Amino acid sequence: MTTGSVVPARPSTQLWIFPVLFAMLVFPAMRAAGVDSGSVGASLLFGAAAYVVAVYLFYGVARLMYAGQFLWLAVGSIGGAILGAVATSPQHLWFAEVGWLAVLIPGLVAGHLLRQNKTSFQVYLIGLIVLTLFSVLAWYPTWREIYALGPEAGEEMVKLFVGGLGTQGYSPEQVEQIESAYKLLAKLTVRLSPASAVVSAIVQFSLGFLWLSWRLGQTSPALGQVRRFTQWKVPFGLTPVTGVVILARLVGNDAIQLVADNALLVLAIFYAVCGLSFMEFTLHRVKVSIFIRILFYLLLFLAHLAGLMVMVLIGFIDSFLDWRKLGANVTVEQ
């Protein structure tokens with residue numbers, strides 16, 4: 001594969017540019033509305049809308065960059081930053097502006113790498129690294145506040161959900177058990193909030209990347225080539241990283257263990273997805289009927305944490321055993 005720059009056809013008359021530009025202009029203000037809204041309902045509504053728009057922007061910004069539409073990129077980038085700053089309260093300005101960069105920069109990087117004829121895996125991996133760095137920068141001040149208020153937030157959560165159980169027929173022993181469970185849930189929610197935010201961003205970027213790959217694959221198959229889901233596998237190179245994180249969790253101090261816990265959750269998502277890919281590969285290979293396949297996935301879903309751990313373990317083992325012989329480009333009939 002060559003490494004020269006791609007010179008795509010000029011798409012200046014194509015209408016897809018304008019929805020992307022509009023999304024770039026309104027997205028930072030939309031996130032600001034979700035953060036600053038005094039209404040829980042409005043906050044959830046704006047947050048959900050911003051989530052969907054972010055997926056579209058990971059696709060749209062990369063496509064603009066790949067198409068060489070630098071003027072429109074400059075207008076959308078600067079305009080979005082200005083509108084976001086105007087719409088955001090001072091205390092949330094860092095989150096709004098750096099959060100905008102966490103969407104904009106990975107898209108620009110992905111589009112640039114595609115122009116350089118990098119492989120889909122290289123584009124995705126480098127995009128993820130950039131995304132993670134900016135996501136951590138955007139959320140870091142918020143995480144510090146969350147950790148500072150963690151015990152108080154946990155107590156409020158317990159009072160909200162457990163406070164009235166004693167008057168609803170529950171025995172003191174049952175109330176105590178439920179209270180302990182909610183305290184543990186509150187502690188885990190606070191402790192793993194960084195990983196939750198990063199995983200959410202990774203899902204958005206992944207959906208946008210798959211959309212972009214599909215779209216470019218219609219005109220440039222080499223650029224849009226992504227392995228079918230039954231061939232997804234975590235690279236073996238991630239195994240030493242996982243080993244270091246596990247070791248840090250076992251022997252590190254509290255701060256290191258906190259970082260390791262969040263890193264393990266992020267890694268577990270990748271291993272779980274690829275473990276599910278292996279399961280789907282196996283079901284295809286043994287020609288399981290649609291009904292049995294649906295039943296299997298239903299039971300896996302009902303298994304909750306146990307099912308998730310099974311997928312993670314399978315994905316981890318498959319990363320270095322190569323059960324599917326993916327190095328030999330084995331395919332599975334759909």
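Guide: What follows is a short tour of a predicted model, by way of its cores and one of its helices.

Visitor: Which residues touch the most other members of the largest nonpolar core?
Guide: Met 24, Phe 27, Leu 57, Leu 64, Trp 100, Leu 131 and Ile 202 do, in a core of 42 residues. Two or more residues come from each of α1 (17-36), α2 (40-66), α4 (93-115), α5 (120-162) and α7 (193-217). α2 gives the most, with 11 residues.

Visitor: What makes a residue a contact of Phe 27?
Guide: Contact means heavy atoms within 4.5 Å. Ala 50, Val 53, Ala 54, Leu 57, Trp 100 and Val 103 touch Phe 27, so they meet that cut-off. Residues up to four places away in sequence are not counted.

Visitor: Where does the other core stand, and which residues are among its members?
Guide: Another core, of 14 residues, lies apart from the largest one. Among them are Phe 278, Met 279, Met 311 and Ile 314.

Visitor: Why is Arg 115 said to have no salt bridge?
Guide: A salt bridge needs a side-chain nitrogen within 4 Å of a carboxyl oxygen. The nearest side chain of opposite charge, Glu 97, is 25 Å away, so Arg 115 has none. Arg 115 is found in α4 and is buried.

Visitor: What does the side chain of Arg 115 reach?
Guide: The backbone oxygen of Tyr 66, at 2.9 Å. The cut-off for a polar contact is 3.5 Å, so this pair falls within it.

Conventions: Residues are numbered from 1 along each chain as its sequence is written. This is a predicted model: local features need pLDDT of at least 70, side-chain atom pairs count only at pLDDT 80 or more; totals for chains, interfaces and linings use all residues. Side-chain values use heavy atoms; hydrogens and water are left out. A nonpolar core is a set of buried Ala, Val, Leu, Ile, Met, Phe, Trp, Tyr and Cys residues joined through side-chain atoms within 4.5 Å. Buried means under 20% relative accessible area, exposed over 50%, partly exposed in between (1.4 Å probe, protein chains only). Helices (H or I, at least four residues) and strands (E, at least two) are DSSP runs, numbered from the N terminus. Lys and Arg count as positive and Asp and Glu as negative; His and the chain ends are not counted. A polar contact is a pair of N or O atoms within 3.5 Å; within protein, one must be able to donate a hydrogen and the other to accept it, and residues adjacent in sequence count only if both atoms are side-chain atoms.
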